[in-house]
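Work through the exercises below with the sequence and the coordinates at hand. Each task is followed by a solution in steps.

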Amino acid sequence: MYKFARLPQPECLARNAPEWTEDFVTARKGNPQAPFSWRSAGCYQTIRSTLLEMTQSRCAFCDAFLGAESRETVEHFRPKKRFPELAYLWSNLFPCCDVCQSRKRDIFDELLIRPDDEAYSFSRYFVANFHTGEVDPSPAAPVEDQERARRTIAIYGLNIPQRKAARLREWRNFSARADQLLADFNYRYFLQ
């Protein structure tokens, strides 16, 4: 996870979120399987563009480029199925790759780490293992922060084999090309 600052919410979301939220919550009360909708393709595109701008077109959780590397999705940090009242809340929306989103699904844990949290830093919670490609809880972190790191790694699948291999490839490429900028690589947190 690479820290980023959240931009102001798009005006179309600020204007429509109260009505859309009320409608979605009401629909869910009548039918717990009522489908979610962004209700406006134009607003959804604006939301997605703003989210991607915040993370330089990367997944907020694994930091892989979106589009070329993976399908772009909008992740509801607190799942809309369990928290319909937060489905249109700006601070609950993150750009996400389809791998992270398919691993997390409707799982939520209060201990999950948010990369836009003001106090977040990679080194507070994690260490990079340059031999295995894994991201591990920092042994120097307090026990609670280590547990938060463990749960975040597990829920988003940050150490599945394909991710470990991809981080090692990026590490080798980054190490061999000192003239390249960090921003040109996936998994920037791992390369620092």
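**Exercise 1: the surroundings of asparagine 92**

Apart from neighbours within four places in sequence, asparagine 92 has contacts with Glu75, His76, Phe77, Arg78 and Leu86. The model is a predicted one.

Task: Locate asparagine 92 and decide whether asparagine 92 is buried or exposed.

Step 1. Asparagine 92 belongs to the loop between E1 and E2.
Step 2. The relative accessibility of asparagine 92 is 2%. Buried means under 20%, so the residue counts as buried.

**Exercise 2: the strand E2**

Task: Describe how E2 pairs with E1, and state how many residues of E2 are buried.

Step 1. The two strands, E1 and E2, run antiparallel and are joined by five bridges.
Step 2. Of the five residues in E2, five are buried.
Step 3. Divide the strand by side: Leu93, Pro95 and Cys97 lie on one face, Phe94 and Cys96 on the other, and both faces are covered.

**Exercise 3: two aromatic pairs**

Task: Count the aromatic pairs, then classify the pair of phenylalanine 4 and phenylalanine 94 by the angle between the planes.

Step 1. The count is 17 aromatic pairs.
Step 2. In the pair of phenylalanine 4 and phenylalanine 94, the planes are 80 degrees apart and the centres 6.2 Å apart. An angle over 60 degrees counts as edge-to-face, so this pair is edge-to-face.
Step 3. Phenylalanine 4 lies in the segment before helix H1 (11–30) and phenylalanine 94 in strand E2 (residues 93–97); the pair links distant parts of the chain, 90 residues apart.
Step 4. Phenylalanine 4 is buried at 7% relative accessibility, and phenylalanine 94 is buried at 0%.
Step 5. Phenylalanine 77 and phenylalanine 108 also make an edge-to-face pair, with 5.7 Å between centres and 80 degrees between planes.
Step 6. This pair spans 31 residues, from the loop between strand E1 (72–76) and E2 to the loop between helix H3 (98–104) and helix H4 (122–125).
Step 7. Phenylalanine 77 and phenylalanine 108 are both buried.
Step 8. Both pairs fall within one aromatic cluster, formed by Phe4, Phe61, Phe77, Phe83, Phe94, Phe108 and Tyr156.

**Exercise 4: charges over rings**

Task: Find which ring lies under the charged end of arginine 6 and which under arginine 58.

Step 1. For arginine 6, the ring is that of tryptophan 90, with its centre 5.4 Å from the charged end.
Step 2. For arginine 58, the ring is that of phenylalanine 65, with its centre at 4.0 Å.

Definitions and conventions. Residues are numbered from 1 along each chain as its sequence is written. This is a predicted model: local features need pLDDT of at least 70, side-chain atom pairs count only at pLDDT 80 or more; totals for chains, interfaces and linings use all residues. Side-chain values use heavy atoms; hydrogens and water are left out. Rings of Phe, Tyr and Trp (its six-membered ring) pair if their centres lie within 6.5 Å; planes under 30 degrees apart count as stacked, over 60 as edge-to-face and the rest as tilted. Helices (H or I, at least four residues) and strands (E, at least two) are DSSP runs, numbered from the N terminus. Buried means under 20% relative accessible area, exposed over 50%, partly exposed in between (1.4 Å probe, protein chains only). A charge sits over a ring if NZ of Lys or CZ of Arg is within 6 Å of the ring centre and within 35 degrees of the ring normal. Contact means heavy atoms within 4.5 Å. Two strands pair if DSSP finds at least two bridges between them.
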